[in-house]
2 protein chains.
Amino acid sequence: MADLTTRAAAKRQQIMDAALAVFLENGYVGASMDQVAALAAVSKQTVYKQFKDKEHLFQSIIDDIGDRVDDPFVELTKDVAETDDVERMIHALAGRFVTTIMDPRVQQIRRLVIGEAARFPDLGRAYWERGFARALVTIADCFARLDERGLLKVEDPQVAANHFAGLLLWIPSNRVMFHGRTDAVSAEELAAFAADGARAFLAAYGTRP
Amino acid sequence: MADLTTRAAAKRQQIMDAALAVFLENGYVGASMDQVAALAAVSKQTVYKQFKDKEHLFQSIIDDIGDRVDDPFVELTKDVAETDDVERMIHALAGRFVTTIMDPRVQQIRRLVIGEAARFPDLGRAYWERGFARALVTIADCFARLDERGLLKVEDPQVAANHFAGLLLWIPSNRVMFHGRTDAVSAEELAAFAADGARAFLAAYGTRP
């Protein structure tokens, strides 16, 4: 049974991977379920059985990416919240945050959703709320706890989480978005963006002079 | 003569306005010069005479927006660089920055360029370099001067300019991008983003305790 479930999940992922490639190549409007089935090497019935229609398929991809965006932070932020070495852990959180959000798959879907959001605002909102906004709440809770413990000085945890994200991501994310390539920022550059952003965040919100 | 030049410039702007609307409605690939001419209420020859082809027309729109992005900062940053009231002027710069970049026309073209950048990376890069990157250099120069004058503590002016932008723009820009509407952020909210971002920037880079 476990084996069957694993196989079903693998096939589902295989269809979603193919669908993402088709959406990226043709845009949401131009993509067809035929193309998805062909690229995934499954029958069209299989695609429809698993995902009902194109909108549900797209929604499933967004949900999948959304989970990838928030999940890496749930455990880590618990450790950060209870740390005694706030500098080190803010740097660790910054590193994780940057590599998670700058993941090529996340950036590709980000481009796709932004490109279609004027025509499909519900999809855009869902992506934002299911993914990034949820991760920001997780991080805001962590900052609130560090404020309680006297390790950060945070008046509004949500604003601080927004600033954390902006310090880290504004430049690399824009560079990838406008250069149209997910490799427009190297791993070394990403590490530097994370370190610089963490330093500025600690200077703004830290309690040490 | 002046009148003729003004009329020609007005017609040029009228074609670019129409073209932007057509691009936004149909995407770059789906847009045609016929549609642009019809919406601008000019002949197709006039469009071709002014802009040569679709790519040049798109490039002209990008350049026009690029100029709008940088120009508002050139004079203001001179004043900021020589101010004695750095807190007040950083807040003023933040306000100007947010309203300029969050201008609906800038945000619309931003969405369009991001959506097409994988297929047309040259257009994306040109937009980034001609517009936003230029504004960041203007602001970095201003921060370098404030560091010389002992009013900010800025090790790397370009990093500080990136952080300034990220603190102010990450959330409102994403909200507009994912909600697919340029009115997803109100003027009051924008003012709050600017004030919060300016405060955090001064906490991170200011010299006053």
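Visitor: How many residues of chain A are in contact with chain B?
Guide: This is a predicted model, and in it 31 residues of chain A are in contact with 31 residues of chain B. A pair counts as a contact because the two C-beta atoms, placed from the backbone, lie within 7 Å.

Visitor: Which elements give two or more residues to the side of chain A that touches chain B?
Guide: Helices H6 (104–116), H7 (121–148), H8 (157–179) and H9 (187–205) of chain A. H8(A) has the largest share, with 13 residues.

Visitor: And what is that side made of, by class?
Guide: On the side of chain A that touches chain B you'll find 19 nonpolar, eight polar and four charged residues.

Visitor: What does the predictor say about its own confidence in the complex?
Guide: The complex gets an ipTM of 0.87 and a pTM of 0.88. For chain A, the mean pLDDT is 89, and 98% of the residues reach 70 or more. One caution: where pLDDT is low, the predicted coordinates should not be read in detail.

Visitor: What is chain A built from, helices or strands?
Guide: Chain A has nine helices and zero strands. Read along the sequence, the pattern is α-α-α-α-α-α-α-α-α. The C-alpha atoms of chain A fill a box of roughly 65 × 45 × 30 Å along the principal axes.

Visitor: Which domains does the assignment give for chain A?
Guide: Domain 1 covers 1–51 and domain 2 covers 60–205. Their C-alpha centres lie 28 Å apart. The contact between them takes eight residues from domain 1 of chain A and nine from domain 2 of chain A. On the domain 1 side, helix H1 (residues 2–30) of chain A gives the most, with seven residues. By class, that side of domain 1 has seven nonpolar, one polar and no charged residues.

Visitor: Why is A:Phe164 called buried?
Guide: Set the count against the cut-off. A residue is buried if 20 or more other C-beta atoms lie within 10 Å of its own. A:Phe164 has 29 other C-beta atoms within 10 Å, so A:Phe164 is buried. You'll find A:Phe164 in helix H8 of chain A. Across chain A, buried residues make up 43% of the 209 residues.

Visitor: What is A:Phe164 in contact with, leaving aside its neighbours within four places in sequence?
Guide: A:Ile139 and A:Phe201. As for A:Ala194, 30 residues apart from A:Phe164 along the chain, the two C-alpha atoms are separated by 10.0 Å.

Visitor: Which residues touch the most other members of the largest nonpolar core?
Guide: Of its 142 residues, A:Leu168 and B:Leu168 touch the most other members. Not counting residues up to four places away in sequence, B:Leu168 touches B:Ala94, B:Phe97, B:Val98, B:Phe193, B:Ala194 and B:Gly197.

Visitor: What share of the contacts in chain A with a separation of 6 or more is between residues 24 or more positions apart?
Guide: Such residues account for 66% of those contacts.

How values were computed. Residues are numbered from 1 along each chain as its sequence is written. Chains are lettered from A and ligands numbered from 1 in the order in which they are written. This is a predicted model: local features need pLDDT of at least 70, side-chain atom pairs count only at pLDDT 80 or more; totals for chains, interfaces and linings use all residues. pLDDT is the predictor's confidence in each residue, from 0 to 100. Domain bounds come from an automatic or database domain assignment. Helices (H or I, at least four residues) and strands (E, at least two) are DSSP runs, numbered from the N terminus. Ala, Val, Leu, Ile, Met, Phe, Trp, Tyr, Cys and Pro count as nonpolar, Asp, Glu, Lys and Arg as charged, and the others, Gly among them, as polar. A nonpolar core is a set of buried Ala, Val, Leu, Ile, Met, Phe, Trp, Tyr and Cys residues joined through C-beta atoms within 7 Å. A residue is buried if 20 or more other C-beta atoms lie within 10 Å of its own, exposed if 12 or fewer, and partly exposed in between; C-beta atoms are placed from the backbone.
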